[in-house]
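Colleague: I have a new model open and have not looked at it before. Can you walk me through it?

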Amino acid sequence: MLTLPKSSRIAHELCHIDADLRLGVFQRQLAWERYSQSRWYRMREERNTERRVIELGYGECLLELIRYARRLGYSFEREHGLLYAEVLRAEALRACNSRMAAANRY
Ligand SMILES: [Zn+2]
């Protein structure tokens, strides 16, 4: 039985909320209007959100979610966020940078 990896979606939605909370009332309203009306704005927003999810260390969960969706027959396009290969590369880079930062502490 397939189980849905929830932590990456929760992290994704929390990153949206965090970004929204950083905006003023007018900016937030403008951002929501652009999100609902512009495919390109929405795509940029979703991709930036997933980059933040990876920065926070949830890249592996995101990869798991994409694999899960593929097994169900769904595909992830740029409109939905980062592509699988992009998440894989970003996660590898983040992990490498984390190891280097840890090594430099000693
Ligand atoms: Zn989103």
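Colleague: Which residues in α1 meet which residues in α4?

Modeller: This is a predicted model, to begin with. In α1 the residues are S7, S8, R9 and A11, and in α4 they meet C61, L62, E64 and L65. By class, that contact has four nonpolar, two polar and two charged residues.

Colleague: At what angle do the axes of α1 and α4 cross?

Modeller: At roughly 115 degrees, and the axes come within 7 Å. Angles of 65 to 115 degrees count as roughly perpendicular, so α1 is roughly perpendicular to α4. The crossing of α1 past α4 is left-handed.

Colleague: Stepping back, how many helices and strands does the protein chain have?

Modeller: There are five helices and zero strands. From the N terminus on, the order is α-α-α-α-α.

Colleague: And what does the C-alpha trace span?

Modeller: About 45 × 40 × 20 Å along the principal axes of the protein chain.

Colleague: What percentage of the residues count as buried?

Modeller: 14% of the 106 residues in the protein chain.

Colleague: Which residues make up the largest nonpolar core?

Modeller: It has 10 residues: A11, V53, I54, Y58, C61, L62, L65, I66, L82 and V87.

Colleague: Next topic, α5. How do α4 and α5 pack?

Modeller: Helix α5 covers residues 84-104, and α4 packs with α5 at an angle of about 160 degrees, with the axes 9 Å apart. Angles over 145 degrees count as roughly antiparallel, and α4 and α5 are therefore roughly antiparallel to each other. Here too the crossing is left-handed, with α4 passing α5.

Colleague: Which residues in α4 meet α5?

Modeller: G59, E60, L62, L63 and I66 in α4 meet Y84, V87, L88, A90, E91 and R94 in α5. The residues of that contact divide into seven nonpolar, one polar and three charged.

Colleague: Last one. Among contacts between residues at least 6 apart in sequence, what percentage join residues at least 24 apart?

Modeller: 76% in the protein chain.

How values were computed:
Residues are numbered from 1 along each chain as its sequence is written. This is a predicted model: local features need pLDDT of at least 70, side-chain atom pairs count only at pLDDT 80 or more; totals for chains, interfaces and linings use all residues. Helices (H or I, at least four residues) and strands (E, at least two) are DSSP runs, numbered from the N terminus. A residue is buried if 20 or more other C-beta atoms lie within 10 Å of its own, exposed if 12 or fewer, and partly exposed in between; C-beta atoms are placed from the backbone. Two residues are in contact if their C-beta atoms, placed from the backbone, lie within 7 Å. A nonpolar core is a set of buried Ala, Val, Leu, Ile, Met, Phe, Trp, Tyr and Cys residues joined through C-beta atoms within 7 Å. Axes are lines fitted to C-alpha atoms, for helices over the stretch in contact, and angles run from 0 to 180 degrees between N-to-C directions. Angles under 35 degrees count as roughly parallel, over 145 as roughly antiparallel, 65 to 115 as roughly perpendicular and the rest as oblique. A crossing is left-handed if the near helix is turned anticlockwise from the far one by less than a right angle, and right-handed if clockwise. Ala, Val, Leu, Ile, Met, Phe, Trp, Tyr, Cys and Pro count as nonpolar, Asp, Glu, Lys and Arg as charged, and the others, Gly among them, as polar.
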